[in-house]
Amino acid sequence: MNPLVLWFHKLGSPPYFYRFAGRLVPWFWAAALILGAIGLYGGLVLAPKDYQQGDAYRIIFIHVPSAWMSLFIYAFMAVNGFIALVWRIKLSETLAMAAAPVGAAFTFVCLATGAIWGKPMWGTWWTWDARLTSELVLLFLYLGVIGLYHAIEDRRQAARAAAFLALIGIVNLPIVHFSVKWWNTLHQGSTVKLFGPSLIDSRMLWPLLVMAIATKFVFAASLLSRARVDLLELESGKEWARAEADAAEGRA
Amino acid sequence: MSYGTLWGACRALLARDLALLWRRRGDALNPMLFALMVVALFPFAIGPEPQVLGRIAAGTVLVALLLAGLLSLDALFRSDLEDGSLEQLVLSPHPLALLLACKIFVHWLTTALPLVAIAPLVGEMLFLPGPVQPVLLAVLALSTPLLSLIGAVCVALTVGMRRSGMLLALLVLPLYVPVLIFAAGACNAAQNGLPVAAPLLWLGAGLALSLVLAPLACAAALKISIS
Amino acid sequence: MSYGTLWGACRALLARDLALLWRRRGDALNPMLFALMVVALFPFAIGPEPQVLGRIAAGTVLVALLLAGLLSLDALFRSDLEDGSLEQLVLSPHPLALLLACKIFVHWLTTALPLVAIAPLVGEMLFLPGPVQPVLLAVLALSTPLLSLIGAVCVALTVGMRRSGMLLALLVLPLYVPVLIFAAGACNAAQNGLPVAAPLLWLGAGLALSLVLAPLACAAALKISIS
Amino acid sequence: MNPDPDTPPLLEARGLAFARNDEPIFGPIDFALRHGEVVLMEGDNGSGKTTLLKVLSGLVEPSAGAVLLNGEPLTLARLSHQVALLGHLLGLKGELSPLQNLRFAIGLGGLRAGITPNQALLSVGLEGFEEVPLRQLSAGQKKRVALARLLLVPAALWLLDEPYANLDREGIALVNRLLEVHARRGGAALITSHGAYAYTSGTPRRIPLKAVA
Amino acid sequence: MNPDPDTPPLLEARGLAFARNDEPIFGPIDFALRHGEVVLMEGDNGSGKTTLLKVLSGLVEPSAGAVLLNGEPLTLARLSHQVALLGHLLGLKGELSPLQNLRFAIGLGGLRAGITPNQALLSVGLEGFEEVPLRQLSAGQKKRVALARLLLVPAALWLLDEPYANLDREGIALVNRLLEVHARRGGAALITSHGAYAYTSGTPRRIPLKAVA
Amino acid sequence: MNEFFSMGGYGGFVWSAYAIFFVALAIDAFAPLVRKKRVLRELRGRSRRERAKTGDMP
Ligand code: HEM
Ligand SMILES: Nc1ncnc2c1ncn2[C@@H]1O[C@H](COP(=O)(O)OP(=O)(O)OP(=O)(O)O)[C@@H](O)[C@H]1O
Ligand SMILES: Nc1ncnc2c1ncn2[C@@H]1O[C@H](COP(=O)(O)OP(=O)(O)OP(=O)(O)O)[C@@H](O)[C@H]1O
Ligand SMILES: [Mg+2]
Ligand SMILES: [Mg+2]
C-alpha cells in the first residue's frame, strides 16, 4: 500500500490519533499566539487610519477573520459529517462534532463584533439585512447541530444524526457569502479577493491575512483538543483510554 | 401468494392514515384553531388600529400558519413510533421514501390545507388590503407543502427522542426562514403594487426540488434515528 | 419513625425538580430560544423598517413569550404522569396544593425567568423605544408568574389525555387574553407617554389572587383528571 | 401475629364496585384485610385488578360501596402515611440515581424507624448502584428500587400491582421475603397477579376477581 | 422437512456483536437458522434479546460481524417480503379495528396464498371482534391480532420478541400451535424468552444469550 | 498611549469588540481542558469499580 494511505489508516485509529494530536496541540497554540500578536500589532499600531471610518475600522481585524472562520468551520464540519455518514469513520464523526462549538464561538464573535461595528457606522446595532440574517441563521444551525448531538444518548447515532443536519444546513453557506451580491444590502461587498487585486491598502491587508491564518491555528488547536477528549470519552471501554487515565493520575 | 405492489402499499397507507384521521377528527382541526387564536391575539397585543394591522396582516398570517404547522409537526411520526408501526413501515419491502411521501401528503392535507382555506377569513380579521388577498393565497398554496416537506426531514431526525418539542423548533425554524422571506417578499410586493412573479417562482422551484429530495432525506434521517 | 414535615416535603420536591432540571439543562434553554426565534421571524415576515417594527415590538415580545410559555406548559406534569411520580405525589400525606405550588414555581423559574432576562435584548432587536423598556420589564415580571399559574390549572385538567398539545392551547389562550390586554395596555401607554400605573396594578392584583387560588384549583383539577 | 377481632381491620371493602361509562369493571366485592395478613388478588388480563387497587388507594372513586381504612371511610385527604402503592408505573425518575429517588420519597412520605436508604438498597441487592442514573438500570433493577422505597416509608398497608412482573426468579424470591417480613411486623399487603407466579410462603388468602359477565 | 445442507440457511449470523457507546451488549455469536427450524433465544432481563432481533431484521447495524439472509448480506433495502418482526410494540393502531389493521398490513407486506384476514382472526380465536376498535381489547387480545398478522404476510422468517408475554395459558398454546404449522410448511422462527414459558412442541434448539462480562 | 486607547473616539467600540473576541476564544480554549479533567476522573472511577467487582483490589 501507498505509505500515505497507510498513514491515513493509522491516523484513523483513535489511540494513534490521540497521541499524534496531543503532540500537535501545543505547537498550534504557539503558532496562533505568535501570529495573533504580529497581526494585532500590524492592525492596531502599524496600519493607518481609514479615511472614512477613522479608527473604528480596526474591528475588521477580528470581525472578518471570525466571519471567514464561521463559514470555513461549517464547511469543515459538513465535509466530515459526509464522510462519517458514508464511510462510518469514527474519527470523522468526532471531528465534525468537535468543530461545532468552535464554529459557534466564531459565529457569535462575528455577530457581536459586527453589531458593535454597526453602531458607529450604520447608527444601529442590528438590521434585518440579508447577510446579517443569514449569519444569524448560521448560528442557529450550529446550535441545532450541538443540541441534536446532545439530545441523543447513543453517541454514534447522535453524531450521525447531527452530521446529517449539518449537511442539510450547508445550503446556507452560499447564501451568507453571496448575500451581498444577490440582494442589495447595508453590509459592504467583498473587498478582499482571492483572485485579482484586493481593494484595500496593503498595510491593512497583511495584518488581516495574518489574523486569518492565526484564527485557523486557533481552530486547529481547539478542534484537536476537543476531539481528544471526545475520543477518550467515546472509547472509555477500551484499554488505551484506561491506560491514559492511569498515566494522567501518575503525572498529577 | 401475492407480494403486493408499491402502489397498493401507498394506497393502504393513505387509507389507514385517513381512517385514523377520521377517528381523531377533533384533533385535525386543532392547528387551524391555533393559527386563528395567534392571529386573534395580535389586535389585543398591539392595539386595534386598522392601518397598523393592515400593514402587518400578511406577515402575521404567515407567522401564525408557520407556527401552527410547526406545532403539528411533532405528531407526524410520534404515534407511529410509539405503537411500533414505524418499525413495520421501515421493514416493509417497499421504498421507504415513497411511503413517507404519502405520510407527508396526509399531514399537509390535514394541517395545512384547512389553514389555507381559512386564510381569507383571517386576512379579513386583520384588515388585509384586498389586492394582497389572492397573492397571499398563492403564496400559501406554494409554501405550506414546502414547510411540511422540510419539517418532515427535521422531525425524522428527532423522532427517537423523548422530549423533542423545543429542539424540533430550533432545528426547523432556521430552515423555514428562507421560505418565509420569499413568501413575505411576494406579499410585500403586492402590498406596494410591485410585480410578484419572482418570489413566487422561487417558491415554486423550491417546492419542486424538495418534492424530490425531502422524502429521500426523510427516509435517510429516519433510518438513522430509529436505529 | 419520622413522618416528615410539610416543609420537608416541599424542600424534597424542589430539590428533586431542580436536580432533574440540571440533568436536562439543555432543555431548559429551549423556551428562551423559541421566543427569540418567533421574534426574529417577524422582521422577515413584515419587512425590516424600524418604525413599523418599533410600533409592534412590545406586542410581539408579549405574544412570543406567551407562546413560549404555552408550549413549555405541557411538560409541567407530563413526565411525572408518565413515570407514575404524579400518583405518588397525589397519594402523599401532605396538601397537594402546596406541593403543586412548588412545581409551578420551578416551572416559572426555568421557563419564564430566562425569558424576562432576555427581554431587553429582544426589545433591542425590534427597535423598541427606550422609555418602553422598563415598563416592558415590569409587565413581564408581573405577568409571567400569572401565566404560569393560570396555565398550570389548565394543564392539570388535560394531563390525563394522550394528545393534549392543541387542546391545551385552546383552553389556555382565552384565559391568557385578559392578562395580555392589561400587559399590552401598559406598554402602549408607555409608548404614548401616558401613565402606566393602572394596568400594572391590575396585573399585580391578579397575580396576588391567583397565587392563592391557582394552586388549590390545580390540585382539584389534577385529582379529577388522574382518576 | 394473630388478627385481633376487636380492632377494626386495616382495610375493609364493603360492597365495592366500579363501573366505567356504566359498564361494570368489577362486581360488588367485600373483604377485610387485617394486620399481619397478605392477600393475593387473582384475575385474568383485563379483569380489573389495577382498577381495584386504584379504588382502594383512593385515587379513583368507587361507583358503589365504601373503602374503610382502620374503620374510617377513606378519602385522599385523610390518607396520612398509611398506604403505599406500587403500580405498573414505578414513579421513579430515570435521570436521578436510586439514592436521589429514595431521598425524595422519604421527604414526601416520611421514614420508617431503623433503616436508611443505603441499607434499603443493600437489602434489595442493589449495592454498588447507589449513584448510577436509574435510566441505566435494567427493568428488574428498577423494580427493586421501587421495592426499596416500600421498605423505607412508614406505611402499614402495601398495595402492590403485579410485583412479580419483570423480575427473574431471584427477584421473585426477594419480593416474597419482603412480604413475609412486612407481615411479621404487623403490616398488611394486597397483591395482584394473573396466576403465573405467586406469593408462596405460608398459604396466603386468595380472592378471585372475576370479570363481570 | 429436513434441513438440506446444500442450500444456504435462511438466516445466518457470523461473529455478530453489538455495542452501544462502546459497551458490548451481546458478544460475538454465530448461528444458522434453516428452513423448518424454530430456535429459542434465552437470556435474562437486559441480556440483549430485543437488540439482537433488531440487528437480525436490519433495523440496527451490528458493530461487528454480518447477518446473511439466504446466503446474502442483509440490508434494509434488500429485505423484500422475507422477514416479519413482532416486537415488544405490536405496531397496531388502537383507533382502528383488527380487520382494518390487518388490511393495512397486507397492503404493506403482501398476502400469503390461501388465507384471508377473517380466517386469520378466526384461527387466533378472535371471532366476533373483527370490527371492535383495538383499543377496547385486552392486552392478550391485542397480541393475538399481531399473531394473525404473522399468519397473513408471506414472510418465511419470523422474529418474535417474547411472544408469550401478556398471554394466558390458552394464548401460550396458540403460539406454539402457530409455530408448529409455520415450521412444517418450511418457515423458520427465532423466538426470545426469559425462560418462564417456552416453546414446548418437539425440542427446539436453544441458544443462550449471555450478558458480556 | 492615551491616544492609542481612545482610538479616535471609537475606543469603547473597538476595545469591547476585542474583549468579546478574546473572552470567547479563551472560553473555547479552556472548555476542553476542564472536560478532560472530568472525563479522566470518571475513567479512573470506572476502572476502580470494575477492579472492585472482579475482586483484585490494587
Ligand atoms: C451584526 C453585523 C454583521 C455581521 C453578522 C457581519 C457578517 C459578515 C460576514 C459573514 C462576513 C464574511 C462574508 C464572506 O466572506 O463571505 C463579513 C465580512 C465583512 N464585514 Fe461584516 N458583518 C456585520 C457587520 C459589519 C459592519 C458594521 C461592517 C463595517 C461597516 C462590516 C464589514 C465587513 C467587511 C469589510 C467584511 C469583509 C468583506 C470581504 O472583504 O469579503 N461588517 N461580515
Ligand atoms: N383508561 C381506561 N379507559 C377505558 N377502559 C379502561 C381503562 N383502563 C382500563 N380499562 C378497562 O378496564 C378493564 C380493567 O382494566 P385493568 O387495568 O384494571 O385490568 P387488570 O386486571 O389490571 O389487567 P392486567 O392483568 O392486564 O393488568 C379492562 O377491560 C380495560 O379494558
Ligand atoms: N435505547 C437504549 N439506549 C441505551 N441502552 C439501551 C437501550 N435499549 C436497551 N439498552 C440496554 O441494552 C441492554 C440490552 O437491552 P435489550 O432490550 O436488548 O434486553 P432484552 O434482553 O430484550 O431484555 P428484556 O428481557 O427486558 O426485554 C440492556 O442493558 C439495556 O439497558
Ligand atoms: Mg393491571
Ligand atoms: Mg426485550
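I counted a salt bridge when a side-chain nitrogen of Lys or Arg lies within 4 Å of a carboxyl oxygen of Asp or Glu. The model is predicted: local features need pLDDT of at least 70, side-chain atom pairs count only at pLDDT 80 or more, and totals for chains, interfaces and linings use all residues. Residues are numbered from 1 along each chain as its sequence is written, chains are lettered from A in the order in which they are written, and side-chain values use heavy atoms, without hydrogens and water.

Next, the rest of this interface. The rule finds three salt bridges across chain B and chain E. On the side of chain B that touches chain E, α1 (6-23), α5 (75-82), α6 (85-91) and α10 (197-226) each supply at least two residues. Helices here are DSSP runs (H or I, at least four residues), numbered from the N terminus. I noted that α1(B) gives the most, with eight residues.

I then took the totals. In contact (heavy atoms within 4.5 Å) are 32 residues of chain B and 27 residues of chain E. The two chains bury about 2,700 Å² between them, 63% of it on carbon and sulfur atoms. That is accessible area (1.4 Å probe) lost on putting the two parts together, summed over both.
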